[in-house]
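Good morning, and thank you for coming. I would ask you to bring up the structure now, and I shall then speak about its salt bridges, its cores and one of its helices.

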Amino acid sequence: MQPPVILVIPAWDEAESIGAVLSEVPPELVGEVVVAVGILADPAAAVAAAHGARIIAQSRPGYGAACWQGAREAAALGAEIVVFLDGDYADPPMELAQVMGPVLADEADLVLGCRDVSDHPDALPLHSRLGNSLVLTALRVLLGGSRFCDLPSFKAIRVEALEALEMREMTLGWTVEMVVKAARADLRIVQVPINYRPRLAGRSKVSGTVCGSLRAAWTLVTCAARYAHWTPPSVRTAEAV
């Protein structure tokens with residue numbers, strides 16, 4: 001029997017796209033979908049509710065806050081695996097099986113759905129790719145050669161593993177913190193390609209401008225440095241004995 005899986009989607013100001021995203025979620029793969037919005041008055045909340053999603057309002061702002069609060073809700077609902085993807089339509093829900101697969105097969109604790117833009121080269125602007133490369137290079141240096149191909153929004157992780165990572169970043173540094181700490185904790189990390197596509201409407205809040213991408217890259221690099229020497233709870237306990 002498949003362990004309980006819940007999908008978490010941050011969807012701040014994504015009313016024009018969240019309906020299309022939810023329409024593509026394979027219902028047989030997830031027990032429930034949790035959509036996190038900034039405030040319940042966000043039009044995205046009504047659209048998501050109409051598609052059968054469970055709506056939660058963030059108690060504090062930030063991408064990481066949305067993911068963390070969604071993960072807490074998923075755990076309370078009995079999830080053993082939580083999957084994250086964005087509500088802008090760029091992450092294709094039909095690839096959930098590919099992202100979840102290694103966790104379900106007990107081959108991974110964390111799966112990163114790395115963005116493949118071969119079919120849609122314009123889905124990820126050049127300045128965003130350059131910023132991403134900068135952060136990935138920093139990770140390689142800080143983590144002693146660990147090679148990651150992306151820092152994606154589309155990812156799956158065991159709830160137990162996520163709780164052990166002691167997540168703190170409530171802003172866009174959430175994914176970097178997760179990847180750095182997962183590597184430090186020797187979690188089994190698998191990277192799979194997903195067919196990234198253009199967002200359905202609007203402009204990215206992070207990579208929509210050159211300045212925004214540069215600021216994001218700097219934030220992510222400093223975030224990686226901050227957690228590069230983090231010690232997993234299991235190691236701290238062993239050292240204390």
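I begin with R199, which is partly exposed at a relative accessible area of 22%; here buried means under 20% relative accessible area, exposed over 50%, and partly exposed in between, with a 1.4 Å probe and protein chains only. Please note that this is a predicted model, in which local features need pLDDT of at least 70 and side-chain atom pairs count only at pLDDT 80 or more, whereas totals for chains, interfaces and linings use all residues. Residues are numbered from 1 along each chain as its sequence is written, and side-chain values use heavy atoms, leaving out hydrogens and water.

The partner of R199 is E14: the two form a salt bridge, with their closest N and O atoms 3.5 Å apart. By salt bridge I mean a side-chain nitrogen of Lys or Arg within 4 Å of a carboxyl oxygen of Asp or Glu. This pair links distant parts of the chain, 185 residues apart, with E14 in the loop between β1 (5-10) and α1 (18-23) and R199 in the loop between β7 (189-195) and α8 (210-227). Helices (H or I, at least four residues) and strands (E, at least two) are DSSP runs, numbered from the N terminus. E14 itself is buried, at 8% relative accessibility.

How many salt bridges does a search of the whole structure find? The total is 13. Another of them joins D150 to R115, with the closest N and O atoms 2.7 Å apart. D150 sits in the loop between α5 and β6 and R115 in strand β5 (residues 110-116), so this pair ties together parts 35 residues apart in sequence. D150 is buried at 2% relative accessibility, while R115 is partly exposed at 23%.

The loop between α5 (126-142) and β6 (155-158) also holds P152, which is buried, with a relative accessible area of 1%. Beyond residues up to four places away in sequence, P152 touches L112, G113, C114 and T175, where contact means heavy atoms within 4.5 Å.

T175 brings us to helix α7, where it is among the buried residues. Nine of the eleven residues of this helix (residues 174-184) are buried, so the rest of the structure largely encloses it. After α7 comes D186, with a positive phi near 60°.

Finally, V176 and M178 are among the residues touching the most other members of the largest nonpolar core, which has 43 residues. Such a core is a set of buried Ala, Val, Leu, Ile, Met, Phe, Trp, Tyr and Cys residues joined through side-chain atoms within 4.5 Å. A second, separate core of 36 residues includes L22, M100, V111 and L124.
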